[in-house]
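Welcome! Below you will find a set of exercises, each with a worked solution. Have a look at the model, then try each task before reading on.

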Amino acid sequence: MSTISFSTAQLKKEAERLFCHLKSLSWSYDDCLTYAPLTLEINTLKRQRHAVLLAHSYQTPDIVYGVADFTGDSYGLSVEAKKTDASVIVFCGVRFMAETAKILNPKKRVLLPAPDAGCSLADSITAADVRILKKKHPGVPVVCYVNTAAEVKAESDVCVTSANALKIIEALQGKKIIFIPDKLMAANLAMLTHKEIISWNGTCVVHERFDVAQLRAQRHEHPGLKILAHSECNSDIMKEADLMGGTTDILRTVKNSRDRDFMIVTECGLVDRLRSEFPEKRFLGTCNLCPFMKKNTLRNIRQVLLKPRKDQVVEIPETVRKKAERALERMFELNK
Ligand code: SF4
């Protein structure tokens, strides 16, 4: 039950706003009218609490188009988190992303509606594992994918995202690097660099499930199809795809391309975003859902704004935060 009342005119206006974005995803006007009280309430609560809501592109469309102030990839959202002047950051993504916001902007209150939103990559490695790797390979720089806990970033030399990993690896001194934790992304990077890559055994449960046979079947059925794949997929997929990159690379490619038919090999949230923003294009084939990303809902966003529980407030010990911040700042420097 809403804590704020809205007039019929306000509800209809909100339903029309939602319908503009969601009709290409088969939402009816009546569906939008059902959601309108909740999105209006959340947007009012955000203003009252001076909060900004950052949403990863894998969030559901009601979050992306109903209540998000910024939607993007890990890198874009960390830039927004760093520069926001809001007092509160509500992070609709997974835990490591909310931690990154807190690392970069420690004075802000960072709220995570779904505190149990983990990530199979981030959960595959601990700070103790990184210390063992460093002991085994002394002097080799540790490059850590942003999908890691704050403690793991604190043990690393530099962070990277899928969009800037290659550029940053190439900018580092020496012929060898330790790349953690994604073994599939490490193998994909190894095809593009001359550096020797020592990898870890982590995988993304969403991207490792794609099979190259699915891509070939779609290409056979739709000649001229462009296949855009996330760099967390395996190397066979990369060899078949027309583009390997992060979510922002995929969005940019669709936007700038004259092609009409695409297969997007990543999480379904991005495919929904593309269907909403490019209704004249066709998105074929299957996508996979991330069970962690989908733990955020309009209901827990409303609850976290009304009265956050202790486990929804992101806290990081200052010693860990400072060391993790160094690895992130080095990424920003090298990515200029
Ligand atoms: S999609 Fe994969 S990498 Fe992204 S949060 Fe989900 S499990 Fe982690």
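## Exercise 1: A covered helix

Helix α13 (residues 268-277) is mostly covered, with seven of its 10 residues buried. Buried means under 20% relative accessible area, exposed means over 50%, and partly exposed lies in between (1.4 Å probe, protein chains only). Helices (H or I, at least four residues) and strands (E, at least two) are DSSP runs, numbered from the N terminus. This is a predicted model, in which local features need pLDDT of at least 70 and side-chain atom pairs count only at pLDDT 80 or more, while totals for chains, interfaces and linings use all residues. Residues are numbered from 1 along each chain as its sequence is written, and side-chain values use heavy atoms, with hydrogens and water left out.

**Task.** Find which residues of α13 are buried and what covers them.

**Solution.** 
- Step 1: List the buried residues of α13, namely Cys268, Gly269, Leu270, Val271, Arg273, Leu274 and Ser276.
- Step 2: Look for what covers them, which includes α1, α3 (61-66), β2, α12 (247-256), β11 (261-265) and β12 (282-284).

## Exercise 2: Around the ligand

**Task.** Describe the residues that surround the ligand, and explain why the ligand lies between two domains.

**Solution.** 
- Step 1: Count the shell: 13 residues surround the ligand, and the closest are Cys119, Asn147, Cys204, Glu232 and Cys290.
- Step 2: Sort the shell into 10 nonpolar residues, two polar and one charged. Here Ala, Val, Leu, Ile, Met, Phe, Trp, Tyr, Cys and Pro count as nonpolar, Asp, Glu, Lys and Arg as charged, and the others, Gly among them, as polar.
- Step 3: Turn to the domains, whose bounds come from an automatic or database domain assignment. Domain 1 (8-118 + 293-312) and domain 2 (122-205 + 316-334) both give residues to the shell, so the ligand lies between them.
- Step 4: Zoom in on asparagine 147, which sits in the loop between β5 (142-145) and α7 (150-154). Asparagine 147 counts as buried because its relative accessibility is 7%.
- Step 5: Leaving aside neighbours within four places in sequence, asparagine 147 is in contact with Ser74, Phe96, Cys119, Leu121, Ala122, Pro181 and Glu232.

## Exercise 3: Buried or exposed?

**Task.** Is valine 88 buried or exposed, and is alanine 9 buried or exposed?

**Solution.** 
- Step 1: Valine 88 is part of strand β3, and at 11% relative accessibility valine 88 is buried.
- Step 2: Leaving out residues up to four places away in sequence, valine 88 touches Arg49, His50, Ala51, Val52, Arg109 and Leu111. Between valine 88 and alanine 51 there are 37 residues in sequence but 4.4 Å in space, C-alpha to C-alpha.
- Step 3: Alanine 9 belongs to helix α1 (residues 8-22), and alanine 9 is exposed, with a relative accessible area of 57%.

## Exercise 4: Backbone angles

**Task.** Which peptide bond is cis at proline 181, and what is phi at serine 26 and at histidine 50?

**Solution.** 
- Step 1: Recall that most residues other than glycine have a negative phi, and most peptide bonds are trans.
- Step 2: The bond from isoleucine 180 to proline 181 is cis, with omega near -10°. Proline 181 lies in the loop between β7 (176-180) and α9 (183-190).
- Step 3: Serine 26 has a positive phi near 70°. The loop between α1 and α2 (29-48) holds serine 26, which is exposed at 67% relative accessibility.
- Step 4: Histidine 50 has a positive phi of about 55° although it is not a glycine. Histidine 50 is in the loop between α2 and β1 and is partly exposed, with a relative accessible area of 41%.

Key. A residue is near a molecule or strand if one of its heavy atoms lies within 4 Å of it. Contact means heavy atoms within 4.5 Å.
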